[in-house]
Amino acid sequence: MKNDILNLIHLHELDQEISILNDKLRILPREINNLDASVQKFIEEINSKKNLIEKVQETRRKLEIEIDILNDKKNKYKEQIKSIKTNKEYTALLQEINIQDNAIRAVEDEIIEKMEIIENLQGEINEIQAQFDHEKEIIQAQKNELLKEKEHIEYTLAQKKQQRKETKDLLPVPLLQRYLNIARFRNGSAMAEVRDEICLSCNVRLRPQLWEDLKRMEDLLMCESCHKLLYVKDN
Ligand SMILES: [Zn+2]
């Protein structure tokens with residue numbers, strides 16, 4: 001019986017280890033995705049600012065066309081001035097030219113304003129790009145680390161599963177069945193270690209007789225409080 005109990009303890013420990021490895025393996029893809037998302041966020045931020053620059057550039061081009069139109073008008077008035085006869089006509093044309101000049105200046109101010117916006121956006125892009133260049137390497141290193149960890153866990157998990165199978169095959173079927181049944185109702189954990197007479201699963205102190213029986217390892221005993229199979233290590 002003692003050997004069976006030792007094998008059962010081994011099976012229990014393997015099951016606990018497999019469960020922890022599976023939990024880690026479930027979390028890893030999410031962590032890797034988060035890293036990918038942080039790279040994506042940089043790219044999106046840069047693209048959105050580039051799009052904004054493109055829109056402002058378009059407005060700027062329209063304003064330049066507007067200036068051309070205003071200049072054409074102004075030049076036409078200047079041509080007309082050459083063939084003017086009266087002072088009144090002359091004053092009127094000068095006034096028109098003046099109006100065009102003011103309009104041109106106003107549009108020019110707008111263009112300067114747009115150019116400043118573009119310059120500021122370009123500055124912001126450069127800053128984000130510099131930060132991205134710096135962090136890209138860190139993120140990539142973290143990602144490589146996680147991928148390596150994943151590979152290592154997968155390898156260990158396969159080993160543990162193989163060991164589990166071998167250990168399982170050593171156990172008498174009724175004992176294994178009992179273990180599996182309890183595990184099913186106890187969140188995958190069928191056994192509880194006892195240290196200093198206390199069940200580590202429910203923290204209840206064992207009756208002295210139960211403690212004495214347990215140390216002899218002659219029979220598989222159950223915690224009277226949490227109903228898991230009890231064991232002591234290094235007994
Ligand atoms: Zn217990």
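User: In this predicted model, is Lys 73 buried, exposed or partly exposed?

Analyst: The model is a predicted one, and in it Lys 73 sits in helix α1, which covers residues 2-82. A residue would need 20 or more other C-beta atoms within 10 Å to be buried, and 12 or fewer to be exposed. Because Lys 73 has 16 C-beta neighbours inside 10 Å, its class is partly exposed.

User: How far apart in space are Lys 73 and Glu 96, C-alpha to C-alpha?

Analyst: Lys 73 belongs to helix α1, while helix α2 takes in residues 87-170. Lys 73 and Glu 96 are separated by 23 residues in sequence, and their C-alpha to C-alpha distance in space is 9.2 Å.

User: What distance lies between the end C-alpha atoms of helix α2?

Analyst: Helix α2 runs over residues 87-170 and holds 84 residues, so at 1.5 Å a residue it should span 124 Å. The helix also bends by about 30 degrees at Glu 135.

User: What radius of gyration does the protein have, against the value for a compact globule of 235 residues?

Analyst: The C-alpha atoms fill a box of roughly 130 × 35 × 25 Å, taken along the principal axes. Of the 235 residues, 9% count as buried. For a compact globule of 235 residues the radius of gyration would be near 18 Å, but the protein has 41 Å.

User: Which pattern do the helices and strands follow along the sequence?

Analyst: The secondary structure of the protein consists of four helices and three strands. Read along the sequence, these elements give the pattern α-α-α-β-β-α-β.

User: What share of the contacts with a separation of 6 or more comes from residues 24 or more positions apart?

Analyst: A contact here requires C-beta atoms within 7 Å. Among the contacts in the protein with a separation of 6 or more, the share from residues 24 or more positions apart is 72%.

User: What is the phi of Met 217, and where is this residue found?

Analyst: Met 217 is partly exposed, because 18 other C-beta atoms lie within 10 Å. Although Met 217 is not a glycine, its phi is positive, at about 55 degrees. Its place is the loop between α4 (208-216) and β3 (229-231).

User: What is the phi of His 227?

Analyst: His 227 is found in the loop between α4 and β3. With 14 other C-beta atoms within 10 Å, His 227 is therefore partly exposed. His 227 is not a glycine, yet its phi is positive, at about 60 degrees.

Definitions and conventions:
Residues are numbered from 1 along each chain as its sequence is written. This is a predicted model: local features need pLDDT of at least 70, side-chain atom pairs count only at pLDDT 80 or more; totals for chains, interfaces and linings use all residues. Helices (H or I, at least four residues) and strands (E, at least two) are DSSP runs, numbered from the N terminus. The radius of gyration is taken over C-alpha atoms; the globule rule is 2.2 Å times the number of residues to the power 0.38. Two residues are in contact if their C-beta atoms, placed from the backbone, lie within 7 Å. The expected span of a helix is 1.5 Å times one less than its number of residues. The bend at a residue is the angle between axes fitted to the seven residues ending there and the seven starting there.
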